[in-house]
Amino acid sequence: MKEFLLRHNVLMSVHIALLRAVNVGGRNSVIMGELRDLLTELGFVGVRSLLQSGNLVFRSRAQTGFEIAAFLEKEAAKRLDLHTDFLVRTGEEWKRIIARNPFEDEAKRDPTRLIVMFLKRPPSAEKVEALQSTIAGPEIVSIDGEQAYIVYPAGIGRSRLTTTMIERKFGTRGTARNWNTVLKLAFLAAD
């Protein structure tokens, strides 16, 4: 618990944690206040949440999102009976994600139709090609490491390009946030 954080004798840095598939369709229900309390009990500092869909911002001495994600997955399962993936990025990584958005015009025109899918692992070029070849609609996908930027010109609800399909083609799990949420989390992380 706290010893995990104390092992890392460095200054605290900002992290953003995204939970996969919580409070969706009655599955993986969690009260955000309970999640904030859990992270605080574990020694994380300044824990805040955004919306009810599993978005957390906090400070930690741990330097990699991977370490934090594994730790939070284990503790959330043990203490809250919450079995889900945590995808964690540092504040600096988050700034790069925003700066590297290949769809600036779409982000300005309709930020609800641009999503960033945060992945556990970056997909191989072959897996990206396999996904691209299955897209039958107007969706556009661009991959940058552990992020997939996706434009849904006709809206997400009508698209056949689902999170499940993307995860299956890439062979990794992930969670998506629309551009508005990405920017709100950046604001919260900068505060």
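Student: Which residue in the turn of the hairpin formed by E6 and E7 has a positive phi?
Tutor: Happy to start there! This is a predicted model, in which local features need pLDDT of at least 70 and side-chain atom pairs count only at pLDDT 80 or more, while totals for chains, interfaces and linings use all residues. Residues are numbered from 1 along each chain as its sequence is written, and side-chain values use heavy atoms, with hydrogens and water left out. E6 and E7 have two residues between them, and the one in the turn with a positive phi, about 65°, is Gly 145.

Student: In E7, which residue is the bridge partner of Asp 144?
Tutor: Strands (E, at least two residues) and helices (H or I, at least four) are DSSP runs, numbered from the N terminus. E6 (residues 140-144) pairs with E7 in the antiparallel sense over five bridges, where pairing takes at least two DSSP bridges between two strands. The E7 partner of Asp 144 is Gln 147.

Student: And which residue in E7 does Val 116 stand opposite?
Tutor: Strand E5 (residues 114-119) also runs antiparallel to E7, and five bridges join them. In E7, the residue opposite Val 116 is Tyr 149.

Student: How many residues of E7 are buried?
Tutor: Buried means under 20% relative accessible area, exposed over 50%, and partly exposed in between (1.4 Å probe, protein chains only). Both faces of E7 are covered, with Gln 147, Tyr 149 and Val 151 on one side and Ala 148 and Ile 150 on the other. For strand E7 (residues 147-151), the count of buried residues is five of five.

Student: Turning to the open sheet of four strands, why is one side of E2 and of E4 left without a neighbour?
Tutor: The strand order is E2-E3-E1-E4, with antiparallel pairing.

Student: What is the average twist from one strand to the next?
Tutor: Within this sheet, E1 (residues 13-19) and E3 pair over six bridges, one place being His 15, whose bridge partner in E3 is Phe 58. From strand to strand, the twist averages 20°.

Student: At what angle does H8 run to E2?
Tutor: Axes are lines fitted to C-alpha atoms, for helices over the stretch in contact, and angles run from 0 to 180 degrees between N-to-C directions. H8 lies across E1, E2 and E3, and its angle to E2 is about 160°.

Student: What is the relative accessible area of Thr 181?
Tutor: Thr 181 sits in helix H8 (residues 179-190). Beyond its neighbours within four places in sequence, Thr 181 is in contact (heavy atoms within 4.5 Å) with Leu 50, Leu 51 and Asn 55. Thr 181 is buried, and its relative accessible area is 8%.

Student: Is the pair of Phe 44 and Phe 58 stacked or edge-to-face?
Tutor: Rings of Phe, Tyr and Trp (its six-membered ring) pair if their centres lie within 6.5 Å; planes under 30 degrees apart count as stacked, over 60 as edge-to-face and the rest as tilted. By this rule there are three aromatic pairs. The centres of Phe 44 and Phe 58 are 4.9 Å apart and their planes are at 65°, so the pair is edge-to-face.
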